[in-house]
Amino acid sequence: MTINRRELLMLAGSAAAAWLMPRSVGAQSDHAHHPLLEPRRFPTPVQRIAPPPKFVTPLRLPGHEDLMASLRLDAPLELYSRVVPIPLLGGPHTLMWCYEGEHAGRLVRNPLLRVRRGQELAIRLRNELPESTTIHWHGLNVDERNDGSGLHPVLPGASNLYRFAVKDAASMYWYHPHPHYRTGLHIHSGMSGLLLVEDEREDQLRASLDLEFGVTEIPLLIQDKQISEKNQFQYEVGDDDWIGNRVLVNWTPEPYFQAERRAYRFRLLNASNARPFNIAFVLDGVALDFWLLGTDAGLLDRPQRVKQCFLAPAQRLDVLIDFARLPAASRVRLTSLAFDPMENDGAPLVDLHLEHPGATPLGEALDLMAIDLEGKAARPIRPPSRLASLPKVRNAPVTRSFRVHIEGRRWLIDGRNHHDDMDTPRFRVRRGDYEVWEIANDTVSMPHPMHIHAFRFRVLERIGSPAQIREQAAGRAGLTPQDRGWTDTVLVWPGERVRIGIDFSQPFTGDQTYMFHCHNLEHEDQGLMLSFVVGDEA
């Protein structure tokens, strides 16, 4: 009997069906008429929807209100998780799940939050969704209660105050829901926002490059969405690798950005459920050089000159590109270059138009945004030769090894699925210890972006990498340019072993439980996740 990809991992949605319904909502009838929880009903045969014209809509930039409003958090903020009709695409409004609130008399949705390093953040979430949700502060070193994982769901009608000091390095982080087994639905339905941590070093870098945030330093929240002909987000809980037929950048469908012929800094986040990007800036079919300044959790020690970088779900890139030498009226495309997606999980290929109508298959080239150049050319610039002081990488014997694999149609870590263990921690880490973890991905597998809550880490070594990674790597450790800084999510390819070094120091006391999981959201929801404890004793 032939089994397609959609069926391959359905055990996580059938054998664990009881867990796919949030514990705070008892009966299926509670969801029966909620628009984003309705089952998909694609016509048979599938109607081919004419693709809309690309790059005709101006890019949404951080503003004063509505989506991506830029807020300097100088006071407590109250956010509501709600379903809101929003005119995203022209025509019918999209029923979008979002974090909505009011700040200084302005309506804000999924706001871009700006805080200074060392500042206290205080945000109260009031849940008006029909099921439990959270706010997970992705990449921040926080205690368990403030982490926003599925360990502490905010029930429908309830609220929770997230209050903590932001002591992490200046960088672009993000926030999103993390309810057990429903994260893919919540994020695909619209709940995600950016969190920018700034400090004096960041101020100095902006000044040295003559950058202004929101003008010549542009955050880019990139995600693909499966969208119906009626402009509604479509999602099926329990499906695998949910990819979309439209690309939204800053909640703008396939946008263009009007730029001057000068240097720009772009801060990129891949907020997609499952689609990795191979990021490049392309002019007339040629990939342009750009500078990689930083990754997930801060600046590199030195800028790295590159032509492309992989950007897996949840990862961030901090890049600088100078358009000064390009001709006026040029159109540069921010593109995902073609790559081998290495979907080696043993499932036969299926017709994507049956599962994801109109979606570009994983690994095929995909244009994300157009950058139109105009005006007089400015003086070309280069980034500083030194960006940050990073501690020397501490290589050491492997402390823990993890095997990511698939058996019996289920994704596993060392033979166990989170549905088996639930929230029972698999192991303990002594607070303040330095550990080296080796994450091994089976050859019969898929690329997995592995994320650790609350702790940043350094990539120490890649072993058995595929050719497309070896081509970007330098040195005996097989590290790519983006492996050379602090990160919180590492992409591990099939057949590859990746060693990472983690300092488990933190200012908290008592046992703190955190998650380690794949940030392909369907894999996470299907149980490719475990919990572990950081405490005073191992």
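A salt bridge, as I use the term today, is a side-chain nitrogen of Lys or Arg within 4 Å of a carboxyl oxygen of Asp or Glu. This is a predicted model. The structure holds 43 such salt bridges.

Pair one. Arg 126 and Glu 78 meet through their side chains, N to O, at 2.8 Å. Arg 126 sits in strand 8, residues 120-127, and Glu 78 in strand 4, residues 77-86. That is a link between distant parts of the chain, 48 residues apart. What about exposure? Arg 126 has a relative accessible area of 32%, so it is partly exposed. Glu 78 is partly exposed too, at 29%.

Pair two. Glu 131 and Arg 182 form a salt bridge at 2.9 Å, N to O. Both ends are in loops. Glu 131 lies in the loop between strand 8 and strand 9 (136-138), and Arg 182 in the loop between strand 11 (171-176) and helix 5 (183-188). So the pair ties together parts 51 residues apart in sequence. Is Glu 131 buried or exposed? Buried, because its relative accessibility is 0%. Arg 182 is buried as well, with a relative accessible area of 5%.

Asp 536 and Arg 431 meet in a salt bridge at 2.6 Å, N to O. Asp 536 is in the segment after strand 36 (529-535). Arg 431 is in the loop between strand 28 (428-430) and strand 29 (434-441). The two are 105 residues apart in sequence, so this pair also ties parts together. Asp 536 counts as exposed, at 51% relative accessibility. Arg 431 is buried, at 14%.

Now the network. Salt bridges with shared partners join Arg 72, Arg 114, Glu 198, Glu 202, Arg 206, Glu 217, Arg 265, Arg 267 and Asp 318 into one network.

On to strand 5, residues 94-103. Why call this strand largely enclosed by the rest of the structure? Because eight of its 10 residues are buried.

Strand 5 has strand 4 as a partner. They run antiparallel, joined by eight bridges. In that pairing, Arg 82 stands opposite Cys 98 of strand 5.

Strand 6, residues 106-109, also pairs with strand 5. Four bridges join the two, again antiparallel. Glu 100 has Arg 109, in strand 6, as its bridge partner. Strands 5 and 6 make a hairpin, with two residues between the strands. Look at Ala 104 there: its phi is positive, near 55°.

Conventions:
Residues numbered from 1 in each chain as written. Predicted model: local features only at pLDDT ≥ 70, side-chain atom pairs only at ≥ 80, totals over all residues. Heavy atoms only, no water. Buried < 20%, exposed > 50% of the residue type's maximum accessible area, 1.4 Å probe, protein only. Pairing = 2+ DSSP bridges.
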